[in-house]
Amino acid sequence: CEVERQRDPSLRGIPMGVTQYDPFDPKDIGIEENRRMDKSNGSLIAVSYEARAAGVTRQMRGKEAREKCPDLVLVQVPVSHSKSDINLYREAGAAVVEVLAEFATACER
């Protein structure tokens, strides 16, 4: 969720989750496009602390998560060639490891 919040500061402090794409309707959605899918019933793969406090957990479907937290905002992972494009998250993870490696005597990925 933090990667999406870095990209869209309006998501800070509100319950949100990141959903997997819909394999039955895998439309390509680029990283720069609006990926907010508040009506999505995709599986949640990341959940903010605010949403967790309302009882939302990873692997819930969007509909079930909204029953627990009606204000939940959902952002879908980018989709390219009918598959999840997780490069955005890989790059963010690599940046975190790079920072940790600067300060730690050992850092494993």
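Biologist: How many helices and strands does the protein chain have?

Modeller: This is a predicted model, so a word on the rules: local features need pLDDT of at least 70, side-chain atom pairs count only at pLDDT 80 or more, and totals for chains, interfaces and linings use all residues. Residues are numbered from 1 along each chain as its sequence is written, and side-chain values use heavy atoms, with hydrogens and water left out. Helices (H or I, at least four residues) and strands (E, at least two) are DSSP runs, numbered from the N terminus. On that basis the protein chain has four helices and five strands.

Biologist: In what order do the elements run from the N terminus on?

Modeller: Strand 1 covers residues 16-19, and strand 2 covers 44-47. Helix 2 (49-53) and helix 3 (62-68) have a loop between them. From the N terminus on, the elements run α-β-β-α-α-β-β-β-α.

Biologist: What share of the residues of the protein chain counts as buried?

Modeller: Buried means under 20% relative accessible area, exposed over 50%, and partly exposed in between (1.4 Å probe, protein chains only). The C-alpha atoms fill a box of roughly 45 × 35 × 25 Å along the principal axes. Of the 109 residues, the buried share is 30%.

Biologist: Which residues make up the largest nonpolar core?

Modeller: In soluble globular proteins, nonpolar side chains tend to be buried together. Such a core is a set of buried Ala, Val, Leu, Ile, Met, Phe, Trp, Tyr and Cys residues joined through side-chain atoms within 4.5 Å. A second, separate core of seven residues includes Ala46, Val73, Val75 and Val77. The largest one has nine residues: Leu44, Val47, Ala51, Val56, Met60, Ala65, Cys69, Leu72 and Leu74.

Biologist: Is Thr19 buried or exposed?

Modeller: Thr19 is in strand 1. Leaving aside neighbours within four places in sequence, Thr19 is in contact (heavy atoms within 4.5 Å) with residues including Ser40, Leu44, Val75 and Gln76. Its relative accessibility is 0%, so Thr19 counts as buried.

Biologist: And where is Gln76 placed?

Modeller: Gln76 has a relative accessible area of 8% and is therefore buried. Among the residues that Gln76 touches, not counting those up to four places away in sequence, are Thr19, Tyr21, Ile29 and Arg35. Its place, at residues 73-76, is strand 3.

Biologist: What is the volume of the largest pocket?

Modeller: On a 1 Å grid over the protein atoms alone, a pocket is an open set of points where a 1.4 Å probe fits, with protein on both sides within 12 Å along at least five of seven lines, and lining residues have an atom within 4 Å of a point. Grid points are joined across faces, edges and corners, and the volume is the space filled by probe spheres set on the points. For the largest pocket that comes to about 260 Å³.

Biologist: Which of the lining residues are the closest to its centre?

Modeller: The lining divides into six nonpolar, six polar and four charged residues, where Ala, Val, Leu, Ile, Met, Phe, Trp, Tyr, Cys and Pro count as nonpolar, Asp, Glu, Lys and Arg as charged, and the others, Gly among them, as polar. Of the 16 residues in the lining, the closest to the centre are Tyr21, Asp22, Asp25, Ser40 and Gln76.

Biologist: Which side chain joins that of Asp85 in a polar contact?

Modeller: Asp85 is in the loop between strand 5 (83-84) and helix 4 (87-103), and at 18% relative accessibility Asp85 counts as buried. A polar contact is a pair of N or O atoms within 3.5 Å; within protein, one must be able to donate a hydrogen and the other to accept it, and residues adjacent in sequence count only if both atoms are side-chain atoms. At 3.0 Å, the side chain joined to that of Asp85 belongs to Asn87.

Biologist: Which backbone nitrogen does the side chain of Asp38 reach?

Modeller: Asp38 lies in the loop between strand 1 and strand 2, and is partly exposed at 30% relative accessible area. At 3.0 Å, the side chain of Asp38 reaches the backbone nitrogen of Leu74.

Biologist: What is the phi of Gln59?

Modeller: Most residues other than glycine have a negative phi. Gln59 lies in the loop between helix 2 and helix 3 and counts as exposed at 64% relative accessibility. Although not a glycine, Gln59 has a positive phi of about 75°.
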